[in-house]
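Visitor: I'm new to this one. Can you walk me through it, a bit at a time?
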Amino acid sequence: MIADLTLRFLYIILMLKLLNIASAILSMEAHMPFGLKSIWFQLATEVAVIAWFLLRFSNAHATGAFDGPDGLIVLGKTVLWFIAATIVAMIAAHIVGVIVLAIAEGGKEPDTTTDERDRAIEARGEKVSNAVGGAGFLGGILLMTFGYAIPVVIATMFVGCLFGAIVGNIFKLRSYAEG
Amino acid sequence: MVKGAKKLKIGNNIRRLRFDADEMTQAELAAATGVTRQTIAAIEKARYAPTLELAFLIADAFAKPLDEVFFRED
């Protein structure tokens, strides 16, 4: 019950964050570099996927889809499906981002130039992302030692990875803002 | 950086040098050095320390020696 309420609360927070990101995308300044604009699109996609996963997972968990002898198979399929969906969504977000930005800039091809500062920010963001993703993995193992069900453990690890990507991107946006 | 090593504060004269170079814009300097305008803006405000390679390229763009473009602030 508490776990279900927590998931739903997290879902609402993520949906609000998504609205916040969407408004940031709509008010993006024309002079922002493409790399920076594209981070906003990645962030929106990651938040949408995580919210979608939490909704699907909490519903399936509540209806007992992961219980019984085939429970782990259903769980494995669900997580695999979401991994594939995340990859497809990230590629689609990039393509949509390029098209939207090209339209916003009057049909001009967006300037995708990257330099040493972009690469330094990217590398630091990846480090943060890996650290948070690793913490999510450890969190899942920790939950296992406290006797939590395997579906909750796996979901924690998966959400941890996605959350790592989100935190990494937020770190990159902050680094761009700071210089 | 070695732990405990003092972090150098590096300043620059890019703003003045751009002005002296017929009011060169940040975008023009960026194009001359192969980086984005945002990177030039960050360097100019001393928020980002460029690599030695980029520092030399910036100095070359103004046809000045490196120490006329960048200097130690402490």
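Visitor: Which elements of chain A have the lowest and the highest mean pLDDT?
Guide: This is a predicted model. Among the elements of chain A, helix H1 (residues 2-26) has the lowest mean pLDDT, at 62. Helix H4 (residues 116-145) of chain A has the highest, at 94.

Visitor: How many helices and strands in chain A?
Guide: There are 5 helices and 0 strands. Along the sequence, chain A reads α-α-α-α-α.

Visitor: How much of chain A is buried?
Guide: Chain A has 179 residues, and 26% of them are buried.

Visitor: What about contacts along chain A? How many link residues 24 or more positions apart?
Guide: Take the contacts in chain A with a separation of 6 or more. Residues 24 or more positions apart account for 74% of those.

Visitor: Let's pick helix H3 of chain A. How far does it reach?
Guide: H3(A) covers residues 71-104, which is 34 residues. From first C-alpha to last, H3(A) reaches 47 Å. That is close to the 50 Å expected at 1.5 Å a residue.

Visitor: Which residues in H3(A) are buried?
Guide: Leu75(A), Thr78(A), Phe82(A), Thr86(A), Ala93(A), Gly97(A) and Leu101(A).

Visitor: What follows H3(A)?
Guide: Gly106(A) follows H3(A), and the phi of Gly106(A) is positive, near 65°.

Visitor: Switching to chain B. At what angle do helices H2 and H4 pack there?
Guide: H2(B) (residues 26-33) and H4(B) (residues 52-62) pack at about 120°. Their axes are 9 Å apart.

Visitor: Is that crossing left-handed or right-handed?
Guide: The crossing of H2(B) and H4(B) is right-handed.

Visitor: Which residues meet?
Guide: From H2(B), Leu29(B), Ala32(B) and Thr33(B). From H4(B), Leu54(B), Leu57(B), Ile58(B) and Ala61(B). The residues of this contact divide into 6 nonpolar, 1 polar and no charged.

Visitor: Last one. How many residues of chains A and B are in contact with each other?
Guide: 7 residues of chain A contact 10 residues of chain B. On the chain A side, 4 are charged, 2 polar and 1 nonpolar.

Methods: Residues are numbered from 1 along each chain as its sequence is written. Chains are lettered from A and ligands numbered from 1 in the order in which they are written. This is a predicted model: local features need pLDDT of at least 70, side-chain atom pairs count only at pLDDT 80 or more; totals for chains, interfaces and linings use all residues. Two residues are in contact if their C-beta atoms, placed from the backbone, lie within 7 Å. Ala, Val, Leu, Ile, Met, Phe, Trp, Tyr, Cys and Pro count as nonpolar, Asp, Glu, Lys and Arg as charged, and the others, Gly among them, as polar. Helices (H or I, at least four residues) and strands (E, at least two) are DSSP runs, numbered from the N terminus. A residue is buried if 20 or more other C-beta atoms lie within 10 Å of its own, exposed if 12 or fewer, and partly exposed in between; C-beta atoms are placed from the backbone. The expected span of a helix is 1.5 Å times one less than its number of residues. pLDDT is the predictor's confidence in each residue, from 0 to 100. Axes are lines fitted to C-alpha atoms, for helices over the stretch in contact, and angles run from 0 to 180 degrees between N-to-C directions. A crossing is left-handed if the near helix is turned anticlockwise from the far one by less than a right angle, and right-handed if clockwise.
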